[in-house]
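Subject: Structure handover

Hello,

Here is the structure I said I would pass on. Please look through it first, then read the notes below it.

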Amino acid sequence: MTLTQPAFSAADHAFMARALRLAERGAWTTKPNPMVGCVLVRGDEVVGEGWHRRAGDAHAEVHALRAAGDRARGATAYVTLEPCAHTGRTGPCAEALVEAGVSRVVAAMRDPFPEVSGKGFERLRAAGIAVESGLMETQARELNRGFLSRVERGRPWVRVKLATSLDGRTALANGESKWISGEASRRDVQQWRARSSAILTGAGTVLADDPQLTVRLDEGSTGDVPDFVAPLRVVLDPGLATVARGRVREGDAPTLYVHAPDAKPPRGLSAQVASVPVKAGRFDLDAVLRLLAERHQINEVQVESGATLAGALLAAQRVDEVLLYVAPVLLGAQARPLFSGLDVNTMAERLQLSLVETRQLGGDTRLLLRPAAVAAG
């Protein structure tokens, strides 16, 4: 039996596009929850709208219903994700829509979270509300790619951030890399950090560069970001060689050291620790990503590391996108590469990336790239 896709009008598309824009306002604050927007419409008039602002706060539907008041009765609710039907830190949104008397719910997509999946739609239909789903689903999935990755694949969405010269180098042979990219690019990185649930690096980067790995939105333009949830800083350090030093524990952001099972964390360490199996002298990267998803509810992890860790993730096909800042400079053949450890011997074995977006930032060019399999989707 073939299911017929609902016929959505131009107005339906316009109102859902508005709901998606509202949802995106929560990009820096809703984690680990998904971003959700809701628009309530009677006739051609928007009577209420809202978005999920922070985990534990009211959901998008509730904000929209509060804004609409009695005008919600008989309205159509455009929501970017299936309304929840369970009680967590907040009440079920499907029930709130039923009680408000809406007549139709148009959702961009079903929520794959097991406690919700399909149950919200069932509750609405049981109350006699017309339910349609699938409007602008591709855009909705793109918006919540981190949440969906965690729920559907059991691991975070992995983004590798790199700054490179025109000849594909990230640092001089001696490790010096400040600064390849310009000030505008460095400000832009802070925005990407702010939307990330975690920032991941290796012990070698901590020892060589002593990064703080915090979000610093006071370096110039803060854009539309009034608030953010500080991402977890994660250091892959099999022998815990970095715990006695480094700025990675400074500030208010939490820090997690991932170590080998035989390493013993020192007493009084002011950071979280977790052990992960090591295979052939290297971390089991799948186990690392499962740990972040299951124990820490990480939706998006931004990798800011050297070529070894970046290359290992890419070779393992665990990179979902590459955030690449290309500066108009040349560093020469002796400088360090973007990725190491990639065993490519023929053109048939080359790793194909698809260009998602290009943006000019001062003198630099920012490329957002995805491996061909991820981009195809």
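UniProt, in an unreviewed entry, places the feature "active site" at E61. UniProt positions are given in the numbering used here, feature names are shortened, and annotations may be inferred rather than shown by experiment. This is a predicted model: local features need pLDDT of at least 70, side-chain atom pairs count only at pLDDT 80 or more, and totals for chains, interfaces and linings use all residues. Residues are numbered from 1 along each chain as its sequence is written, and side-chain values use heavy atoms, with hydrogens and water left out.

E61 is found in helix α2 (residues 60-68). Helices (H or I, at least four residues) and strands (E, at least two) are DSSP runs, numbered from the N terminus. With a relative accessible area of 3%, E61 is buried. Buried means under 20% relative accessible area, exposed means over 50%, and partly exposed is in between (1.4 Å probe, protein chains only). Not counting residues up to four places away in sequence, E61 touches C38, V79, L81, P83, C93 and L97. Contact here means heavy atoms within 4.5 Å.

The UniProt annotation "binding site", also from an unreviewed entry, covers H59, C84 and C93. These residues are spread over 35 residues of sequence, yet they cluster in space, with a largest C-alpha distance of 9.2 Å. C84 lies in the loop between β3 and α3 (93-100), and counts as buried at 6% relative accessibility. C93 is found in helix α3 and is buried too, with a relative accessible area of 1%. Leaving out residues up to four places away in sequence, C93 touches H59, E61, V62, P83 and C84.

An open sheet of 5 strands has the order β2-β1-β3-β4-β5, with mixed pairing. Two strands pair if DSSP finds at least two bridges between them. The edge strands, each pairing on one side only, are β2 (45-51) and β5 (130-133). From one strand to the next, the twist averages 15°. Strand β3 (residues 76-79) and strand β4 (residues 104-107) pair in the parallel sense over 4 bridges, and A77 stands opposite V105 in β4. Helix α1 packs on the sheet, touching β1, β2, β3 and β4, and its direction makes about 145° with that of β1. Axes are lines fitted to C-alpha atoms, for helices over the stretch in contact, and angles run from 0 to 180 degrees between N-to-C directions.

T30 lies in the loop between α1 (10-24) and β1 (37-42). Is T30 buried or exposed? At 2% relative accessibility, T30 counts as buried. Apart from residues up to four places away in sequence, T30 touches M35, H52, R53, R54 and A55.

The domain assignment of the protein chain gives domain 1 (10-144) and domain 2 (154-371). Domain bounds come from an automatic or database domain assignment. The centres of domain 1 and domain 2, taken over C-alpha atoms, are separated by 34 Å. The contact takes 10 residues from domain 1 and 13 residues from domain 2.

In soluble globular proteins, nonpolar side chains tend to be buried together. The largest nonpolar core in this model has 50 residues, and those with the most contacts inside it are M16, L40, V105 and L124. A nonpolar core is a set of buried Ala, Val, Leu, Ile, Met, Phe, Trp, Tyr and Cys residues joined through side-chain atoms within 4.5 Å. The largest share of this core, 7 residues, comes from α1. Domain 1 and domain 2 both give residues to this core, so it lies between them. Apart from this core lies another, of 35 residues, among them I298, A312, L324 and F339.

Last, strand β6 (residues 157-164). Of its 8 residues, 7 are buried, so β6 is largely enclosed by the rest of the structure. Strand β6 runs parallel to strand β14 (residues 300-303), joined by 4 bridges, and the bridge partner of V160 in β14 is V303. Strand β6 also runs parallel to strand β15 (residues 321-326), joined by 6 bridges, and there K161 has L323 as its bridge partner.

Regards
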